[in-house]
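Here are my notes for your read-through, point by point. Keep the viewer open while you go.

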Amino acid sequence: MTYSNRKNIYRTTLICCMLSFMLASFSPLSYASKKDPKKGYRISLTIKGGKDTVMYMGNYYVGKTYATDTARINKKGQFVFENQDRQLLPGLYFFTNPQGRYVEFVVHNEEPFFAFETENNNWTANMKVKGSHENDIFFLYNSYRASIYGTVDSAYNVYQKEGKSEAEFNAFRDENLRILDSIERAMVDTYPKTMVSLLINARHEPFVPNNSDMTEYDRFIYYIDHYFDNTDLTDDALVRTPDAIFHKRFVNYFDSYLHGAEAEMICRYADTLIEKARPSKEVFKYLVHTITEKYLQTNIMGYDAVYVHLIKRYYATGKAYWSSPSVIDENVKRAETWERLLIGKEAPDLFMRDDNGLAYQLHKMPGKYKLLIFWSPSCGHCKTMIPELYKTWVEMRDKYQMSAYAVLSEPDDHNRPLWRKMIKEKGLTEWVNVDGGEANIDWHEVYDVITTPQIYLLDQDNKIVAKKLNAELLVQIMNILEKEKQ
């Protein structure tokens, strides 16, 4: 079959499909009555010619799949999933057999009392639906996508046999994708509040104007400002979609486009995103919880400010409705501790004694900069990092007028002898080495010393300049500070 014949046949098929689509569009989308809602769900599946005796029903949730229910075939040849006490939340669901074959369907804006019937040779293409106009639309859309992508795939072999160039095939493919795009736009216009529209829109990238007066940075800012313009963050179903629809885009937004941004900027974009999702309990919950957890676990210096901000704005104010009081209290307490240790804050003062009983005050340490180090000779990382840090400090202390206040973080009878030995053997004698056994405050709690080493850089006003340091990072930070002064 030549390219011309294939093109004419395809266009005829497409016109027929579009006519059937237009006829379908005249039927208004009907929803189940909300006056007397049924309880739970009842969804049946009949597969003609199938041999399976067990079928599973599941759903997507933020990039993963979860089992929802199991059904065995009954005497009528049906798999019936039914539960009067359980609600099916909006989203994209699927039936799957033990071999992993599956077909998707939607639960969205309709009470889940549906009947599906199909044939074993092709579950999706042969699907018939009763009781769900949304699923009629969903399978209609899938048939369009399958037809167009099937045409493109089969045309590739034809182009090769006919000796057509790759450029000609690419033009044919692009034309078909434009047709699919037109069909998608028509479906979104006709059925704007359906799951199909949610899925179609969420995949579309924002349009960035190519104005001559816009710099590359302007275009980047415009892109991240409008990144979620096509995503309906107010629809609960959004969190129950495949990875590529929302979760992957969300992760990419923070890990790629906002990676390296200042904490204040991240807070601003996080708030904007969360506030857009406030009408949806499900999306709001997902965003608040996921972003908070992300910045709780971050190792990037300064990003603890994002965690503190989110806890104060959403958890401490009672907006995290899904969290228990104990979880909220734990997070609020941690955020209060971290807030005192944010970059730019004055470091809490310390009074401790060295091994000879001489008292030293952190805030009275000399120099333009001060290192505050919590470490233990029993800590594996400390055995490597502390000597390296000391060597680096010796190399830069005179240049930057930097003193050091090093605290034994495990002051007990086992560690004190090891501490003295390591100070002597590694030559750490020019630090102010103090025993953390007696102090003016509970520094474990105040400085949140859970793991060691913990290393802070303070300026001459005792404000925290940097933290979570090692020798290499200390050198980089000092170079940056010096450049800022020039």
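1. Buried here means under 20% relative accessible area, exposed means over 50%, and partly exposed is in between (1.4 Å probe, protein chains only).

2. Before going on, a word on what you're looking at. This is a predicted model, where local features need pLDDT of at least 70, side-chain atom pairs count only at pLDDT 80 or more, and totals for chains, interfaces and linings use all residues. Residues are numbered from 1 along each chain as its sequence is written, and side-chain values use heavy atoms, with hydrogens and water left out.

3. Back to the rings. Searching the whole structure turns up 39 aromatic pairs; rings of Phe, Tyr and Trp (its six-membered ring) pair if their centres lie within 6.5 Å, and planes under 30 degrees apart count as stacked, over 60 as edge-to-face and the rest as tilted. Tyr295 and Tyr303 have ring centres 5.7 Å apart and planes at 70 degrees, so they pair edge-to-face. Tyr315 and Trp322 are edge-to-face as well, because their planes stand at 85 degrees, with centres 6.2 Å apart. Tyr315 is buried at 5% relative accessible area, whereas Trp322, at 21%, is partly exposed.

4. Now the inside. The largest nonpolar core has 90 residues, and Phe95, Phe105, Phe116, Phe254, Leu287 and Ile291 touch the most other members. Such a core is a set of buried Ala, Val, Leu, Ile, Met, Phe, Trp, Tyr and Cys residues joined through side-chain atoms within 4.5 Å. Helix H7 (residues 263-276) gives the most to this core, 8 residues; helices (H or I, at least four residues) and strands (E, at least two) are DSSP runs, numbered from the N terminus.

5. What does Ile291 touch, leaving out residues up to four places away in sequence? Its contacts are Phe250, Phe254, Ala270, Ile274 and Leu310, a contact being heavy atoms within 4.5 Å. Another core, of 29 residues, lies apart from the largest one, and Leu371, Cys382, Trp393 and Leu457 are among its members.

6. Last, the sheet. It is open, with 4 strands in the order S3-S2-S5-S6 and antiparallel pairing; two strands pair if DSSP finds at least two bridges between them. S3 (64-72) and S6 (102-107) each have a single partner strand, so one side of each lacks a neighbour in the sheet. Strand S2 (residues 54-61) is joined to S3 by 8 bridges, and Met55 has Ala71 of S3 as its bridge partner.
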